[in-house]
Amino acid sequence: MKPEIKIATRQSFGEALKKLGDENENIVVLDADLSSATKTEIFAKAYPERFFDMGIAEQDMIGTAAGLATCGKIPFASSFAAFATGRVYDQIRASICYPNLNVKICGTHAGITVGEDGATHQMLEDISLMRGLPNMTVLCPSDDISTKWAVEEASKINGPVYIRLARAATPVIYEENKIFTFGKAVQFGDGTDATVFATGVEVAEALKAQEILKGYNIDIRVVDMLSIKPIDKDIIERCAMGTDRLISIEDHSIIGGLGSAIAEVLTERYPAKLKRMGMQDTFGQSGKAVDLMNFYKLNAEAIVKELKN
Amino acid sequence: MEVNESLLKELSKKAINIRRNIIEMVYMASSGHPGGALSIVDILTILYFYEMKVDLSNSKDENRDRFVLSKGHASPALYATLAEKGFIKKEELRKFRSINSLLQGHPDMKKIPGVDMTTGSLGQGLSAANGMALAGKLDQKSYRVYCMLGDGEIEEGQIWEAAMSASHYKLDNLCVIVDNNNLQIDGEISKVMSPYPIDKKFEAFGFEVLRNRWS
């Protein structure tokens, strides 16, 4: 981990999209008046003829992306996670997932780490909504490198993909040459005192906690669940067998999100207790991302506190 | 193709066959929306037997004209038309809305050759048609996209988002048809939630509007 470099995954997403555009002329990008925030502007500047600003009309954006996909295009439709999923849930369900169309939905500004904009913009239910849809793949990368991988991987999947991205700059975790495998999580360390399953911005927090806990003689492993659907069932079962305690942590509601997905696997494969850290069935509020993570117990300190008990 | 007496006679015959099949399908299924299906038969007949370029032997031809039945509940009309055209076997029509049939309650593009877009949740088809028209422009293809809306359906806000986009992106390869039968489930559209004046609204959104009143 190189905590000195911090990049927001939305920035990595914008750069990766442009690179995809260089390689494949079927890549088209749609945005709903947020291209400077979602970073699709990087693609828009390079390929203006393949970029469609749909205005503040997300439902139409999703439907248009579906139509483009029926003609062989690979549309990436992007907005803040709240408007790219919740606002257009039925459009995604009926016009994309049911016909299994090749549309990639990219929700930036997911979770409370959106910060100052407050609860309306802090999407805490998108994983829940998207993973419940048949045909949908859900990826939640944790840093710059894994985001670039996720964007490229999404373009290779012939079907709908949701990529969950964050506003806040977070540490770069992986080396440039890291090789990821679709549907597989990434394990850090092999401590047996506990497993912390984390996703998105929480992976860096879990890794920080792992370091701090060493000082208390508590040796944990951290698992980056960058693929929420399909989920890596084997690693969940293995960690349940091999560690004393299990924790999940996500910048998302504990209902329907990563914690729920892991609990489903545990129930079927290896029943074990799981502590679900995340938003506890509540909306967020305005504030600095760092303060909110502290208030809602979504930071390294909260994990440390939980595991010291 | 010139419009003459014998062509009109032939088209009328097809329209009668389509109507007969719609009634039979909905009767056999004891379920479905016969009204909204019957009201678009003449339009579908003209589209599929006069206007549109579609090829039975190559239903996925990338140069074909596209049709989006945004008012997806009128599926019996589309299925009967596609059967008349040869895309669907006539025997299949009797399985409409029954288990393991290709003919779902609302059109499924993955199951039926000749169906260009899956629809059913109202208000979404025009956006998809716009996407097809945009792709045609990007690829410099000459195909046209036809989209059929219900007059009740245009109460959905997404229709007007899409109308704005069609105009903004100058989609002159798009033809939108509003089936103005004046009925929706709860009654006359003018009483439930009036979208009138429909022509002026589309004109205001930048469309060239042709009015075709029932005689």
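A: At 3% relative accessibility, Leu93(B) counts as buried, where buried means under 20% relative accessible area, exposed over 50% and partly exposed in between, with a 1.4 Å probe and protein chains only.

Q: What kind of model is this, and how are things numbered?

A: This is a predicted model, in which local features need pLDDT of at least 70 and side-chain atom pairs count only at pLDDT 80 or more, while totals for chains, interfaces and linings use all residues. Residues are numbered from 1 along each chain as its sequence is written, chains are lettered from A and ligands numbered from 1 in the order in which they are written, and side-chain values use heavy atoms, leaving out hydrogens and water.

Q: Where is the place of Leu93(B)?

A: Leu93(B) lies in helix α5 (residues 90-93) of chain B; helices (H or I, at least four residues) and strands (E, at least two) are DSSP runs, numbered from the N terminus.

Q: Which residues does Leu93(B) touch?

A: Not counting residues up to four places away in sequence, Leu93(B) touches Asn21(B), Met25(B), Tyr79(B), Ala80(B), Ala83(B), Ile88(B) and Leu103(B), contact meaning heavy atoms within 4.5 Å.

Q: Switching to chain A, why is strand β10 largely enclosed by the rest of the structure?

A: Strand β10 (residues 194-198) of chain A is largely enclosed because 5 of its 5 residues are buried.

Q: And which strand has the bridge partner of Phe197(A)?

A: The bridge partner of Phe197(A) is Ser248(A) in β13(A), and β10(A) pairs with strand β13 (residues 245-253) of chain A in the parallel sense over 5 bridges, where pairing requires that DSSP finds at least two bridges between two strands.
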